[in-house]
Structures are given as structure tokens and as C-alpha cells.
Amino acid sequence: MAQEYRNYIGGEWRDARAGERFEREDPATGAITGSYPRSRGEDARDAVCAAVEAQKAWRRMPAPRRGEILFRAAEILVREKERFARDLTEEMGKVLKEARGDIQEAIDMTYYMAGEGRRAFGQTTPSELPDKFAMSVRAPVGVVGCITPWNFPMAIPSWKIMPAIVTGNTVVFKPSQYAPKSAYNLVRALEEAGLPGGVVNLVFGEGAEAGAGIIEHPLVSLISFTGSNAVGKRIAVQCAELGKSVSLEMGGKNAIIVLDDADVELALEGVIWSAFGTTGQRCTAASRVIVQGGVYDEFASKLVERTKKLRLGSGLDEGTDVGPVVNRDQLAKIASYMPVGASDGATLAAGGAVAHGDGLDRGYFFEPTVFVDAKPAMRIAQEEIFGPVTALIRVGSLEEAIEVNNGVPYGLSSSIYTRDVNRAFKAIEGIHTGLVYVNAGTIGAEVHLPFGGTRGTGNGHREAGTAALDTFTEWKTVYVDYSGRLQKAQIDA
Ligand code: UN1
């Protein structure tokens, strides 16, 4: 019998009203990892009501006290890091050392946002009139719906929940049905840390059911969503009609540029890590490599050779380089791009198929794949595949590399390998993505800097850093006139 988990609503662990459940399996073995409530709109509504009720006291609690609860939650995550990492690997497949990184990112964010309980700075500034004081303070937006994906099932929820609650909001959290245990672990840590009931409510289930119930509810002021571009756009349209704020993070088609003067060994390591880490299922994954002509052939042959040596297997096995993809649908989607790449004229140089043998048939494994001689406009070089697939594109110059880098519908992350500081800075200036790395891969964002992207990646918001506070708070501008008479701005000044 699979272990049964429950929703967390108003501080109580409860089943979905209709009593329905779904099971999650380990994508490496097919073993069932847990059973979860399949929540519907009515459960989402219960959760929103609990969040509305809890908001009254929570927004009045001094922010430093709220921060202390976060600090205690971070301590619990530290204590449980290894256990939570194993749970995470078992339910979504990434290798254990990356799962530890996922938990660590949540720990970092939780400590960081605990500190914001004593900062959350606003502005004070001189007034244009005498005997008048001008300042701005941050106020919570109210009830926030957090809808999160499976690829960073501990980190991404923490990017949303921690800044939301430290600034006085309450949350309804709907995690992906492909990584529910990590959501449970995170919420349990908050409960143990002493978070009052109703401040974070957890509703398991599917986007079209539980997620829709949160989005539609009139008392939810803000939706923070990370996931696909197609779903994000639909949510944005719906939120516009309902008059809600929405913060979207929706993927990428990120590139690493390798110039002729690059340290080739370093660039190779960066490409392997960025293209195949998390089995390529990162919105920051390097699914394009733009290589200058002088080094292209050497780079391509070394990359192909290294890619073929990567070992596939369960992420729990320390010898594994690349784990499974998350589910059967993703496996089929990735496989469907192989004939697309070939018929568009790219050459398949490594991988290219569902992996078999050595116990791999029980899970969803795809061979790490390299296409060479891809052209910038090909579908494999334009569309987010979200799997262990990368495409090499040959260019003649830095200027062409920048143009190719920018010529996609997304703008999340990018990277350039060069030893020339002038070229590095030209790239930093010319590249239109939210993140730019120099002599490092496209992944590895840190929690105290803004995270997000341009164009199809987002809608102008950033997560993490103090930018997150801008998403989860409203500015309240306060003028205090202590002159004792009517002073008219713009007129008496
Ligand atoms: C994502 O790919 O969805 O920088 C998030 C990184 C990680 C977060 C990635 N810290 O790749």
C-alpha cells in the first residue's frame, strides 16, 4: 500500500472532499512513491477561505517575527536535507547530488527571506513642502496562489512561498502532481517551524482542477506560476479578465556561445552540465551551443565523445550521470523531436533514442542527445524540448553569435566562453536575456539575485532577490503633513 498524504488546509491535514486520490511513481523504476488527494475546485475554495481567514492576523504579526518562523523552517530543511533529497530524486528523477542542490536552494531562499523580515526596505525621501514627511512601505497583496512545476520541486516553491509569507501574504500552494512529496516535505517543515494554520495551504492535484479553482477564486489577488509558455499565457489571459496580478516564469531556449579563444575544456564541462543536468529539464538548460568556426570541429567531436560516455540510471545510484525524464509524455515529446531535427537537416551525432537495457526499461530514459550542424531557424533550435537534447550551431563571429542567441522566442539564460574581456562585455551588452554567464554554463542562479527572463520567458517580473518582494507586495506611499495647515503639492511648492 502506498503511503497516503493529505492536503493541508487551515492547519489541518485533510482528504479531498470527493475522496479521490492519485498515485505518483518513481520515473526510474515505476515503483509507487505515494498517494495524494486529487483535489477539485471545492478543495481549492476551502483552501482560499482558510488563507483569507489567516491573513487577518498574519499581516499584523511584526515582520521580524514572521522572519523568525522562516529561520526555524530553514533549520529544519538543513536537518532533513538528505532525506528530502532522496524523496525528491525518487519522485522526479534528478540525480541525488542535484537533488541536494534543490533542497539547498530552498534552504538558501528561506534563510535569505527570513532576513527580509528585518529589511523589506521602502524609501524615505524629502518632501517638496516644509513640515511634511514622505515615505513608502511595502504592504502584502493578500492571498497568493502559487502554482509550481516538478523540475525544481523544493527550490521553486520556496522562491514563491518564502517572499510571499515573510511580507505578510497567505498562500494557497498547488504543486505539480509529478512532485507532490517535496511539496509535502516543505509544508511539513513550515508547520513544524510554528507557522500558524492557514498561512500556507497545500492542495494536491491537477492544474485543470485544483489549479483552476485557485486562479478563478475572486479572493486570490495574485497568481505566481512557473511552467510552460502555453499554460502561462492562458493563465495571464484569465487573470487579466479577473483583474488579478500574475507573475509568470515560462522556460527558455538558452544558448552557450563558445568563441575561438575559449578554454575548450572548460566550455565542454559547462555544456555537459548545462545541457544534461536535471536530464535537460531545466528552464535554464543549454539546448543550443553556438560555436565559432575556428573551434567548431574540435568542440563538436569532443562533445559527442563525452556525451556518449554519460551513464544513465536511477538518480539514487551515485554512479549515474543522467537520470530519467519525469514521465511517459515527456519521453514521447522528446522522442518526437528526433525526426524533426533530422528532416530539418541537422545531423544526429550522439544519442537520439529512448534508452533500453540495464534495467532502464522500467523507467523513462532518453539517451543524452547532440545534434550538430543545426541552423538557427530549425525547430530543434527554436522550441523548448525540455529533455537531454542540445543542438550545435556554427557561426563566424561574435556579432553573429549574439544575433543567433537573441533570435528565439524566449530570453531566460545565456552564456559565453571567451578569454577576451572586451568580447565578454560586448556579449553582456548585446544579449537580451534575464541571466548572462561568462565562462560558466547557463545554470546555477543564486537566490539573492533576480531570476527571470525577457520575451516568452516571463511577463516582466523577476523571482528571487529583492525583486521577489516587488512581486509579493504593493507599495503604500505615505505622506504625513505636520504643518497644521493646508499645504498644496505642486501649487504651494
Ligand atoms: C529552472 O530551471 O526551472 O539556475 C530553475 C538554475 C537553478 C534554478 C533553475 N538554480 O538552473
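**Group meeting: a surface patch and a pocket**

Helix α13 supplies the largest share of the nonpolar patch, 3 residues. Helices here are DSSP runs of H or I, at least four residues, and strands are E runs of at least two, numbered from the N terminus.

Some ground rules. This is a predicted model: local features need pLDDT of at least 70, side-chain atom pairs count only at pLDDT 80 or more, and totals for chains, interfaces and linings use all residues. Residues are numbered from 1 along each chain as its sequence is written, and side-chain values use heavy atoms, without hydrogens and water.

Back to the patch. Its members are V421, F425, I428, V436 and V438, with about 400 Å² of accessible area together. Two elements give two or more residues: α13 (421-430) and β19 (435-438). Nonpolar side chains are joined within 5 Å. Areas are Shrake-Rupley, 1.4 Å probe.

Take I428, in helix α13.

Now the largest pocket. Its volume is about 990 Å³, the space filled by probe spheres set on the grid points. A pocket is an open set on a 1 Å grid, with protein on both sides within 12 Å along at least five of seven lines; lining residues have an atom within 4 Å of a point. There are 37 lining residues, and W150, F225, G227, S228 and V231 lie nearest the centre. Helix α8 gives the most, 6 residues.

Notes:
Patch = residues over 30% accessible without salt bridge, like charges linked within 9 Å, V, L, I, M, F, W, Y side chains within 5 Å. Salt bridge = Lys/Arg side-chain N within 4 Å of Asp/Glu carboxyl O. 1 Å grid on protein atoms, 1.4 Å probe; cavity = no way out; pocket = protein on both sides within 12 Å on 5 of 7 lines; lining within 4 Å.
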